[in-house]
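Colleague: I would like to learn how to read a protein model. Could we go through some features one at a time?

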Amino acid sequence: MPRLSQALATGLMLALVAACTDSDRRVAAIPDPAAAAPAPEAKTAQEAQNIVVTGSRVAGRRDSATPVTALSSASPAFAPAARSRGYVARAEPMPAPPYYRDTGRDKFTATQQNAFKIVREEPVSTFSLDVDTASYSFVRASLNQNVLPQPAAVRTEEMVNYFPYDYAPARTADQPFSTNVAVFPSPWSPGRKLVRIGVKGYEIQRASRPRANLVFLIDTSGSMNAPNKLPLVKQSLAMLLDQLDGKDSVAIVTYAGSAGTALEPTPASSKDKILAVIDRLGAGGSTAGAEGIRQAYALAEQNFDPKGVNRVILATDGDFNVGITSDNELKGYVERERGKGVFLSVLGFGMGNYNDALMQTLAQNGNGAAAYIDTIGEARKTLVDEATSTLFPIAKDVKIQVEFNPRAVSEYRLIGYETRMLNRDDFDNDKVDAGDVGSGQTVTAIYEVTPVGGPRAIGDLRYAEQAPVAAGARSDELGFVKIRYKLPKSDTSRLLTTPIDRGTTFARFEDAPRDARFAAAVAGFAELLRGGRYNGQLGFDEVLGMASAARGEDGFGYRSEFIQLVRAAKTAHAMAALQ
C-alpha cells in the first residue's frame, strides 16, 4: 500500500505539472469590463519571485509601469501558471472577484500626535483650517478588506471632517462663516473636557455661483490599469460633468510616457463630445506627471476667467516616475501657479501604489482639496452631493487661532491637524498660505483640555516661574477663538472672533449636542487607529456606543457606515493580535 500511494502521488504530481505547463502556454487575462483594456505582457520570472501570497492577502512588488489586469477565479486562465507570471488572485473580502494589485508601496507622511501643552507656557494654538477627507476613504478601503490601515494613513481631522454637521449657516458671503462651540466632559479621560469648534461656510446658490474653468488632468500610466483606478476615474468625471452647465468649460490632459491634450477647452454643455474623449482613455506606459501638470496649467491659463473659478483637477494614484519627481520642485511649481489664480485639487485612486504624501503636498500648496475615491459611492459624495463645496471656494487662506485662559485651563492638546500647524505669528501674516473652505462646507476641530485643578498630563518644574495672567483675562472664559480669512478674490484678510464661555459648557457628555458627540466618537476611533496614546481606556466598544447613540438622522448613511467600519476595525485588530 505505501508503494501504491507513493506511485499515485507521483502520478498526480506529474499530471499537475503537465497541466500547469499547458496552462502556461495558454494563459490569458480577462479584461475589466469597464476598462476593456488590452491584455498586458506577462511578467518575468524574476518579478514572479517577488510575489508573496499570504492567506487572503497578496503582498507583492512590481514595476509601476507594468499594467495590471483582472482575473476571474472561474476562468481557465486562473491557474498556477498565471500566478507564476505575476497575475496573482486576491480574495478579500470573500467572495469578491480576485484581482491582482500592488501592496505595501503606499506612501504616507508619518507625524507624531499633538502632545499636551501647558497653557501658562504656550497659551496659543494656531493652525490652517482645512477639510480634506482622503484619509477617511483610505481607512475605509483598508478596513473593507479586513486590514488595519497603517497609522500614518490616519489623519484625525480628515476622519472627523468627512461627515457633514448641522451647524447654524453663515448669513452673508462677505462674512462667510458661523462658529459653533461646545464644551463637554471627555469620554476617555475623566476630569478633562473636550472643546468642539464647528465652523459652517456660506452656501453659494447655484444660480449665482461663478463660472468654472476646469482642466481634468488624468493619469493614464500603466499603474492606473486596475478596476479601482482608471475605470473609476472615468465614472467619477462623468458624474462631475453632470454638475456643470453651459457657462462652464472643460479641458482634458492625459499623461503616461508623455503628456498630451486630449480635449481643448470645451463648453460643458457639449457633454457627448467630452464623454467620448473620457471613454476612449486607456492605461499604459510610465508616468510623466510633471509634464502633464505643466500642460494642464497652460490650458487653464489659456482659458482663464478673472471672475470665475480656474482649477486643475488631478486624478491619479500619485505614481510620478518621469520628469520632476521631487516633492519640493512640484510644490514650488503649484505654489507659483496658485499665485496666478489657478488652483489644484487632487482625486486619489487605488491602493498598494498610492502616493498620498505627494497628493497632500500638491493639494495643500495648490489651494485645493484632496479626496480619495475608493468606490462609486465616494465619487458620488465628492463630485455630486458636495460638488459646490469641492469646486467653489468661499474663502481662502483660512486660519484659526485659539487662546486658552490660564485661570480656567491648565493644559490642552489639539486632536489632529498635525500637518497643518502654523506658528503663532503666521496668523496675522497675510503672506502665509493656509487652507481653503468651499461653499456650504462644515469644518470641525476638537481640543482636549485639562481644567485648572484637573488631572495633569505634565507635572510642574521645580524651578519654573509662573507666567503672569493678563489683567483683562476673564475667569468665566475657557478661551477665545479667532478666525482669519480672505475672500476668494482678495489678498487682504478679515477677522472673526468667538469666546469659549460658560454658556457653551455641558455638564455631562450625554447632554452635549448630538453632532459634538458623534465627532468625538470619530476622533476617538481615529486616535485608536493611530496607537491610542492619549485615549485612556477607550476601546472599539466604547466608540461603537458613542457613535450609535449620536447617529441621529442619517439620510446618506455615512454614520451607519462608520459604525460598521468600527466593527470591522475591531475584527481586524483581533486578527492582527493572533498573527
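Modeller: We begin with a term: a residue is called buried if its relative accessible area is under 20%. Tyr447 has a relative accessible area of 0%, so Tyr447 is buried. Phe404, with a relative accessible area of 2%, is therefore buried as well. Keep in mind that this is a predicted model.

Colleague: How is a pair of aromatic rings described, and what kind of pair do Phe404 and Tyr447 form?

Modeller: Two values describe a pair of rings: the distance of the centres and the angle of the planes. For Phe404 and Tyr447 the centres are 5.2 Å apart and the planes stand at 75°, an edge-to-face pair. Phe404 belongs to strand β13 and Tyr447 to strand β16, so the pair ties together parts 43 residues apart in sequence.

Colleague: How many aromatic pairs are found in the whole structure?

Modeller: The search finds 25. One of them joins Tyr162 and Tyr558; with centres 5.9 Å apart and planes at 70°, the pair is edge-to-face because planes over 60 degrees apart count as such. Tyr162 sits in the loop between α5 and β5, while Tyr558 is in helix α15, 396 residues apart. Both Tyr162 and Tyr558 are buried. Ring pairs also link them into a cluster whose members include Phe163, Phe518 and Phe562.

Colleague: Which charged residues lie over the rings of Tyr558 and Phe518?

Modeller: Lys381 lies over the face of Tyr558, 5.3 Å from the ring centre. Over the ring of Phe518 sits the charged end of Arg559, at 4.4 Å from the centre.

Colleague: Next, sheets. In what order do the strands of the open sheet with β16 run?

Modeller: Strands of a sheet pair through backbone hydrogen bonds, in a parallel or an antiparallel sense. Here 5 strands form an open sheet in the order β3-β14-β16-β6-β5, with antiparallel pairing. The edge strands, β3 and β5, each pair on one side only. Between β3 and β14 there are 2 bridges, and Lys117 has Tyr412 in β14 as its bridge partner. Helix α13 lies across β5, β6, β14 and β16, at about 80° to β16.

Colleague: How many residues of strand β10 are buried, and which lie on each side?

Modeller: In a regular strand, side chains alternate between the two faces of the sheet. In β10, 8 of the 8 residues are buried. Val309, Arg311, Ile313 and Ala315 are on one side, and Asn310, Val312, Leu314 and Thr316 are on the other. β10 pairs in the parallel sense with β7 over 7 bridges, where Leu214 has Arg311 as its partner. Another 6 bridges join β10 to β11, also parallel; there Thr316 is partnered with Gly348.

Colleague: Last, a helix. Which residues of α7 are buried, and which exposed residues are on the face turned away?

Modeller: An α-helix has 3.6 residues a turn, so residues three or four places apart point the same way. In α7 the buried residues are Ile274, Val277 and Ile278. Seen down the axis of α7, they fall within an arc of 100°, so they line one face of the helix. The face turned away from the buried side carries the exposed residues Asp272 and Asp279.

Colleague: What covers the buried residues of α7?

Modeller: The elements that cover them include helix α6 and the strands β8 and β9.

Terms used:
Residues are numbered from 1 along each chain as its sequence is written. Side-chain values use heavy atoms; hydrogens and water are left out. Two strands pair if DSSP finds at least two bridges between them. Helices (H or I, at least four residues) and strands (E, at least two) are DSSP runs, numbered from the N terminus. Contact means heavy atoms within 4.5 Å. Axes are lines fitted to C-alpha atoms, for helices over the stretch in contact, and angles run from 0 to 180 degrees between N-to-C directions. Buried means under 20% relative accessible area, exposed over 50%, partly exposed in between (1.4 Å probe, protein chains only). The arc is that of the directions from the helix axis to the C-beta atoms. Rings of Phe, Tyr and Trp (its six-membered ring) pair if their centres lie within 6.5 Å; planes under 30 degrees apart count as stacked, over 60 as edge-to-face and the rest as tilted. A charge sits over a ring if NZ of Lys or CZ of Arg is within 6 Å of the ring centre and within 35 degrees of the ring normal.
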